[in-house]
Amino acid sequence: MKKENVIEAHQLTKTFGDFTAVNAISFEVKKGEIFGFLGANGAGKTTAMKMLIGISKPSSGSAKVAGFDVYTQTESIKKNIGYMSQKFALYDDLTVNENITFFGGIYGLPRKKIKEKREQLVSELGLENISNKLVGSLPLGWKQKLSFSVSLLHEPKIVFLDEPTGGVDPITRRQFWEMIYKAADQGTTIFVTTHYMDEAEYCDRVSIMVEGKIEALDTPKKLKEQFNVDSMNDVFLKLARNIE
Amino acid sequence: MKRFIGFIKKEFYHIFRDRRSLFILFGMPIAQILLFGFAITNEINNVDIAVLDHSKDATTEEIINKISASKYFTIKQMIAREADIETAFKKGKIKAVLNFEKDFSKNLIKEQKATIQIITDATDPNTANSITNYINSILQNYQQSKNKGIVMEYQIVPQTRMVYNPELKSVFMFVPGVMTIILMLVSAMMTSISITREKELGTMEILLVSPLKPFQVIIGKVVPYIFLSVINAAVIVLLSIFIFKMPVQGSLFLLGLESVLFIITSLALGILISTIAETQQAAMMISLMGLMLPVILLSGFIFPISSMPAPLQIISHIIPAKWFIIIIKAIMLKGVGLAFVWKETLILIGMTLFFIGLSIKKYKIRLE
């Protein structure tokens, strides 16, 4: 079954003065896919992602996200995507309920819908007893799960996750990935950056960025065959060494 | 619009749940106005003085009584010998000593001339100056009452009249200044901190990725502070009217409009600072050093601009607070209308537009 592309990037480039942070990357992401966007720190992952979510203008190349152009239609892109950054980004001094209401509100959801979503979300995460507590008092794992759910609140076509599991314990990471699978099953496309190589194994396809370029792009299984190794970790190390 | 209301609601949650900002917003204005009104003042009241009376006659007694009857001075000590003057000062309580020469009455009648020495503690020159002036005027008063009916040739009696603040109450001078500082502090510092806070927490990124436009985010952050600053300005004016009996001569409406204008100027500055500063601490430091210090030192609030050296006078022109102080002093104390302050008002509007333009430009560069 041929699925439609929800992200298409062609020769996408970003330069800061003399420095080329993202060097002519091209790739497609299909609907409902979990796309892993890997790379060492400073490889250009975050910069590439910022261009796709419409908060940074590309220097050259072209890209379409959810069918909209990253140069001219950033407003439409923003309505159709969810985003969760590596910094935990809910308001600590607002309660669980208030955070959900606020983020529902800035995406323009009607009040009734927000209420519905809030109740559903709180019961799914098992937060009934603490939905009126300040978010700041929750453990990090819960915050992260809540943050992910909030980014899905307006039912976006694509969710961009920037290192979502930094600093959480393995059990929570596991639960987090279950949530990701569930969202993908419902047709949401997941674009996730990470540097946990075991997480890369969970993705449908992964791309590996080294020094601004995409050096490898395929399913984890094929990549392991191609590099003749047992784990994504080794794939990554081999790639990084070759470049050096 | 509904998005916007939700945003503002959230902003108020931030403010009301943070004790520190609540204190800056509401504790500080009241504390400052009371401090400046009651404690920090140029007036003298109940100053302790000592008297060394070498003649002890009817005239000196009359003068001493007159001085101690005034509310400005309390006679704490009678000194017997010159040598004790020093000790009296060193104890620190006495701020001035009156030293009557020997045979005071006799000299006055015989030679038409007698001498009182006024010795003041000039470790605080301003107070020393005021004390001397007050005592002088009491003495002059006494002299005039004595000379009634006696015609003298060629006598020049200067009649001074202080207008707009006849009692020279220093609180009248401080209220406009304090109001300026507080509006500046609340508007510029608090907004710059609250915007940089979102940057630090990473929530700014989330907001920029949302369908909210950048300018909506900024306006949403600013509106609550406009509202709170207006309340603050009203509280300050009410306090000064009811507690310090400061008359507001001019139109309260004009005063309100000018205050809103200045609040917007400060907010624009706050936004500008937040585009430069990456952390809350940096925003606070820039606000304090870059805004508070010039406001306190160069706006004419404490030190008169006309007696500053020329370069500082020129610098004072670019300080928005200077113009606002001129405007509100004129409205509050002189009771003038817009016809007299339109020039200053235009300057403030110009500065505001400039700051807003500059921050929009800076903001765009950041987004590129």
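User: What distance separates the centres of domain 1 and domain 2 of chain B?
Analyst: This is a predicted model, so treat every value here as computed. Chain B is split into domain 1, made of 1-40 + 168-362, and domain 2, which is 47-143. Taken over C-alpha atoms, the centres of these two domains are separated by 47 Å.

User: Which element of chain B gives the largest share of the side that touches chain A?
Analyst: The contact joins 21 residues of chain B to 19 residues of chain A. On the chain B side, the elements giving two or more residues are α8 (203-209) and α1 (2-17). The largest share, eight residues, comes from α1(B).

User: How many charged residues are on the side of chain B that touches chain A?
Analyst: Start again from the 21 residues of chain B that are in contact with chain A. Sorted by class, they include nine nonpolar and five polar residues, and the charged ones number seven.

User: How far apart are the end C-alpha atoms of residues 7-236 of chain A?
Analyst: That stretch carries the annotation "domain: ABC transporter" in an unreviewed UniProt entry. In the model the chain there is 37% helix and 27% strand, and its end C-alpha atoms lie apart by 24 Å.

User: Is α10(B) oblique or roughly perpendicular to α11(B)?
Analyst: Helix α10 of chain B (residues 252-276) and helix α11 of chain B (residues 280-298) have axes that come within 9 Å and cross at roughly 130°. Roughly perpendicular would need 65 to 115 degrees, and roughly antiparallel over 145. The angle therefore makes the pair oblique.

User: What handedness does the crossing of α9(B) and α10(B) have?
Analyst: Helix α9 of chain B (residues 214-242) has an axis that comes within 10 Å of the α10(B) axis, and the two cross at roughly 140°. That angle makes α9(B) oblique to α10(B). As α9(B) passes α10(B), the crossing is right-handed.

User: How many nonpolar residues are in the contact of α9(B) with α10(B)?
Analyst: From α9(B), the contact residues include Ile218(B), Val222(B) and Tyr225(B), while α10(B) brings residues including Val260(B), Ile263(B) and Leu267(B). No charged residue takes part and two are polar, while the nonpolar count is 10.

User: Is α3(B) roughly perpendicular or roughly parallel to α5(B)?
Analyst: In chain B, the axes of helix α3 (residues 58-69) and helix α5 (residues 104-111) come within 6 Å, crossing at roughly 110°. The roughly perpendicular class runs from 65 to 115 degrees. That angle therefore makes α3(B) and α5(B) roughly perpendicular.

User: How many polar residues are in the contact of α3(B) with α5(B)?
Analyst: Ala58(B), Thr59(B) and Thr60(B) of α3(B) meet Phe104(B), Ser105(B) and Leu108(B) of α5(B). There are three nonpolar residues and no charged ones, and the polar residues number three.

How values were computed:
Residues are numbered from 1 along each chain as its sequence is written. Chains are lettered from A and ligands numbered from 1 in the order in which they are written. This is a predicted model: local features need pLDDT of at least 70, side-chain atom pairs count only at pLDDT 80 or more; totals for chains, interfaces and linings use all residues. Two residues are in contact if their C-beta atoms, placed from the backbone, lie within 7 Å. Helices (H or I, at least four residues) and strands (E, at least two) are DSSP runs, numbered from the N terminus. Ala, Val, Leu, Ile, Met, Phe, Trp, Tyr, Cys and Pro count as nonpolar, Asp, Glu, Lys and Arg as charged, and the others, Gly among them, as polar. Domain bounds come from an automatic or database domain assignment. Axes are lines fitted to C-alpha atoms, for helices over the stretch in contact, and angles run from 0 to 180 degrees between N-to-C directions. Angles under 35 degrees count as roughly parallel, over 145 as roughly antiparallel, 65 to 115 as roughly perpendicular and the rest as oblique. UniProt positions are given in the numbering used here, feature names are shortened, and annotations may be inferred rather than shown by experiment. A crossing is left-handed if the near helix is turned anticlockwise from the far one by less than a right angle, and right-handed if clockwise.
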